Amino acid sequence: MAVAEREPNAEDTLGEELEGLDALDLGDTVPRSRLSSAWATTWPKVAAVALFFGAWQLVVWSGWRPEYILPSPFTALEALWHELGQAETWKAIGITLRRAASGYALAVIVGVTVGAVVAQFRSMRVAVGSMITGLQTMPSIAWFPLAIVLFKLSESAILFVVVLGAAPSVANGLIAGVDTVPPILTRAGRVLGARRLTMWRHVILPAALPTFVAGLKQGWAFAWRSLMAGELIVIIGSKPSIGSRLDFARTLSDYPLMVSIMMMIFIIGVVVDGAIFGTVDRIVRQRRGLTGREAR
């Protein structure tokens with residue numbers, strides 16, 4: 001006995017269409033090995049580094065500057081390897097990283113406090129909103145005359161400039177994140193009984209987190225730049241630092257060492273950015289479905 005075919009109704013058609021949209025969101029469903037994923041992430045960076053060193057070597061070969069002034073990449077890498085073998089270098093790295101951590105932590109506390117107040121109260125935004133952006137645009141080096149007058153040649157002078165360099169970026173990141181929170185979320189929070197601190201903790205801050213993380217990342221970049229400027233100017237004899245060693249290399253006309261320390265500064269900044277802020281940013285985006293399967 002033949003079974004009569006059932007004509008598809010509107011509900012079946014809608015289900016098929018939704019399944020098709022879900023398939024689009026899934027992306028590539030073929031699992032990739034860890035090795036292939038690691039290679040897909042690594043090779044663009046390796047290629048970029050190779051292109052940079054290749055361009056650097058071409059400039060050296062062009063004779064634009066004598067090689068004792070502009071050393072080749074191999075000479076700089078050799079100097080960097082020798083520098084990393086010195087105990088004094090690791091002591092300097094430790095002191096610099098400690099300054100970076102303490103200065104950045106203070107900047108986050110100040111930036112979050114100011115950003116939360118400005119984002120919460122309209123009168124505060126009108127009063128100091130543009131001032132925060134103005135502080136962010138000021139070069140870090142411009143703060144050092146005032147820092148030295150206030151704190152002499154001390155750790156406090158360096159931390160003062162680091163905080164002023166990084167806190168505005170953190171504050172602006174939080175303000176921008178709060179501004180992009182959909183109003184429907186805050187209305188839903190009020191309906192569910194959330195008020196003030198509860199609203200901030202459970203609704204506003206989670207929704208603002210992606211933009212806030214971007215502000216934290218930018219704040220680290222400003223803190224690192226401010227710290228390097230500070231260590232070039234404020235040199236404390238009993239506390240060697242990366243910046244002071246860079247200045248000594250310039251003073252002694254040891255240009256391979258100078259370039260190698262510049263490479264060290266670049267590497268530390270990139271490693272901290274990628275290992276800490278890159279990881280946090282990736283986790284936040286994954287939890288919100290903002291990355292493809294291949295990035296997981």
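**Entry 1: a cut-off to start with**

I call a residue buried when its relative accessible area is under 20%, exposed when the value is over 50%, and partly exposed in between. With that in hand I looked up Phe53: at 23% relative accessibility, Phe53 counts as partly exposed. A reminder to myself that I am working on a predicted model.

**Entry 2: the partner of Phe53**

Next I asked which residue forms an aromatic pair with Phe53 that is stacked.

I then checked where the two sit. Both Phe53 and Trp56 belong to helix H2, which covers residues 34-61. They are 3 residues apart, about one turn of the helix.

Is Trp56 buried or exposed? Its relative accessibility is 13%, so Trp56 counts as buried, whereas Phe53 at 23% is partly exposed.

**Entry 3: a tilted pair**

I moved on to Phe151 and Phe160. Their ring centres are 5.4 Å apart and the planes meet at 50 degrees, so this pair is tilted.

For accessibility, I noted 32% for Phe151, which is partly exposed. Phe160 comes to 21% and is partly exposed too.

**Entry 4: a cluster, and charges over rings**

Which residues form one aromatic cluster? I found Tyr104, Trp220, Trp224 and Phe277 in it.

I also looked for charges over rings. Arg65 lies over the face of Trp64, at 4.3 Å from the ring centre. The charged end of Arg225 sits over the ring of Phe222, and here the distance to the centre is 5.2 Å.

**Entry 5: the whole chain**

I stepped back to the overall layout. The protein chain has 11 helices and 0 strands, and its elements read α-α-α-α-α-α-α-α-α-α-α from the N terminus on.

How much of the chain is buried? Of its 296 residues, 34% are buried. The accessible surface is about 18600 Å², and carbon and sulfur atoms account for 67% of that.

Last, I checked contacts with a separation of 6 or more: 70% of them in the protein chain are between residues 24 or more positions apart.

Methods
Residues are numbered from 1 along each chain as its sequence is written. This is a predicted model: local features need pLDDT of at least 70, side-chain atom pairs count only at pLDDT 80 or more; totals for chains, interfaces and linings use all residues. Side-chain values use heavy atoms; hydrogens and water are left out. Rings of Phe, Tyr and Trp (its six-membered ring) pair if their centres lie within 6.5 Å; planes under 30 degrees apart count as stacked, over 60 as edge-to-face and the rest as tilted. Helices (H or I, at least four residues) and strands (E, at least two) are DSSP runs, numbered from the N terminus. Buried means under 20% relative accessible area, exposed over 50%, partly exposed in between (1.4 Å probe, protein chains only). A charge sits over a ring if NZ of Lys or CZ of Arg is within 6 Å of the ring centre and within 35 degrees of the ring normal. Contact means heavy atoms within 4.5 Å. Accessible areas come from the Shrake-Rupley method with a 1.4 Å probe; for residues, only the protein chains shown count as cover.
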